[in-house]
Amino acid sequence: MRFIKGFGQFWYDFIIGDDWKIAFAIGLVIAIGAVIASVSAADAGWIAPTMGVALALAFVIGLVIDVRRG
Amino acid sequence: MGSSATWGLLTATFTASFVEFVEALTIVLAMGMTRSWRSALAGTALALVALAGFTAVAGYALVNWLPRSALQLGIGALLLVFGLQWLRKVILRSSGLKGLHDEAEEFREQEEAARRAGNEQRLGLDWFSFVISFKGVFLEGVEVVFIVITFGLNAHNVPLAAGAAAAAGAVVLGVGAVVHRPLTRVPENTLKYGVGLMLTSFGTFWVVEGLGVFQSGGHSLAWPGDDWSLLGLLAGWLLLTRLLIKVMPTLAGRDRGAAPLATPKVVEGA
């Protein structure tokens, strides 16, 4: 039991780290991107830049939340 | 691969790995100097063995069982997590909302934690030193493994990337053995900014390409300009972080000129 707890804690520290909002933001953008990719044509050139902008936007929102909360 | 690309791969992998190894060295030094060198080194040795096993198993599974797009999505997401965590810290530090990272301060904190911990002995080892050293080296080492895989696969030269990471490890270990104290003169914040930008740019590139796994056929998505778009991503993240460093003090409700950096409005979890 202690091993499982330690193992879980290790991966939590590894992936979530200091700020859970970053992992959440990345997961959210990937989930949205997965839906968009699954319904789009294979050669839809707009998906990549749009997802890049979405990642940047998600990061900015997380950071602003941090700073506003202080 | 051209010589400039080779040097680019070497520099990127060496620098990123160097920062990770410095962090691992600080932890091991704190445990060794405060409690038990034997236990700290045993933890380090076991972590290196575990790391080799992890790399072999994960590398085999990733390359043989997963389609390229799924590999890009998984590793890209991890790179983004590391890169964005580093950029977040750099932005908060550079805008005065968090104190500058200090390897000496980190060392003091580790030392203090080591002194407060109990004296549990297992297998003839000081268990606290052993576990903390193992965890520190393994955690930083796994990050190095992902960095090597990403940069190496992207440049089609994993052995060279692995060599650069090994060289970084040897340099840190050698310098650490000679000076026998934390590497406080390493400009870690500047290095982290550069490495954070690289990891984030590669992470963005790979995650988005990897979304192709959800399309019929499962082939990677393409960026406009293919690999050249990496330069655009790097420039974009650089501009965004510079902008955020400028505006964050205002958003925090503080004029940079009005409050001294020595009394930062500390952001939780930073």
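**Entry 1: the fold of chain B.** How many helices and strands are there in chain B? I found eight helices and two strands. I took helices (H or I, at least four residues) and strands (E, at least two) as DSSP runs, numbered from the N terminus. Before going further, I noted that this is a predicted model, where local features need pLDDT of at least 70 and side-chain atom pairs count only at pLDDT 80 or more, while totals for chains, interfaces and linings use all residues. Residues are numbered from 1 along each chain as its sequence is written, and chains are lettered from A and ligands numbered from 1 in the order in which they are written.

Along the sequence, I read chain B as α-α-α-α-β-β-α-α-α-α. I then looked up burial: 46% of the 270 residues of chain B count as buried. Here a residue is buried if 20 or more other C-beta atoms lie within 10 Å of its own, exposed if 12 or fewer, and partly exposed in between, with C-beta atoms placed from the backbone. For contacts, I used C-beta atoms, placed from the backbone, that lie within 7 Å. Among the contacts in chain B between residues at least 6 apart in sequence, 84% join residues at least 24 apart.

**Entry 2: chain A.** Next I turned to chain A, which has three helices and zero strands. Its elements run α-α-α from the N terminus on. The radius of gyration of chain A is 16 Å, well over the 11 Å that the globule rule gives for 70 residues, so chain A is more spread out than a compact globule. That radius is taken over C-alpha atoms, and the rule is 2.2 Å times the number of residues to the power 0.38. I also checked the box that the C-alpha atoms of chain A fill, and along the principal axes it is roughly 50 × 35 × 15 Å. Of the 70 residues in chain A, 29% are buried.

**Entry 3: where the chains meet.** I counted in 34 residues from chain B and 32 residues from chain A at the contact. On the side of chain B that touches chain A, the elements giving two or more residues are α3 (68–94), α5 (127–154), α7 and α8. Which of them gives the most? It is α3(B), with seven residues. By class, this side of chain B has 24 nonpolar, seven polar and three charged residues. My classes were these: Ala, Val, Leu, Ile, Met, Phe, Trp, Tyr, Cys and Pro count as nonpolar, Asp, Glu, Lys and Arg as charged, and the others, Gly among them, as polar.

**Entry 4: α7 against α8.** I looked at helix α7 (residues 188–210) and helix α8 (residues 229–251) of chain B, which pack at an angle of about 130° with their axes 9 Å apart. That makes α7(B) oblique to α8(B). Axes are lines fitted to C-alpha atoms, for helices over the stretch in contact, and angles run from 0 to 180 degrees between N-to-C directions. Under 35 degrees is roughly parallel, over 145 roughly antiparallel, 65 to 115 roughly perpendicular and the rest oblique.

From α7(B), the contact residues include T200(B), T204(B) and F205(B), and those of α8(B) include L233(B), W237(B) and L238(B). The contact residues divide into seven nonpolar, four polar and no charged.

I followed L238(B), which sits in helix α8 of chain B. L238(B) is partly exposed, with 16 other C-beta atoms within 10 Å. Its C-alpha atom is separated by 9.8 Å from that of L87(B), 151 residues apart along the chain.

**Entry 5: α5 against α6.** The axes of α5(B) and helix α6 (residues 158–179) of chain B come within 8 Å and cross at roughly 140°. Among the residues in this contact are V148(B) and F151(B) of α5(B), and A161(B) and A165(B) of α6(B). The tally for this contact is ten nonpolar, one polar and no charged.

**Entry 6: the loop between α7 and α8.** Is G218(B) buried or exposed? With 12 C-beta neighbours inside 10 Å, G218(B) counts as exposed. I placed G218(B) in the loop between α7 and α8 of chain B. Leaving aside its neighbours within four places in sequence, G218(B) is in contact with P67(B), S69(B), G212(B) and V213(B). The C-alpha atoms of G218(B) and R68(B) are separated by 8.8 Å, though 150 residues apart along the chain.

D226(B) lies in that loop between α7 and α8 too. D226(B) has a positive phi of about 50° although it is not a glycine. With 10 C-beta neighbours inside 10 Å, D226(B) counts as exposed.

Methods
Contact = placed C-beta atoms within 7 Å.
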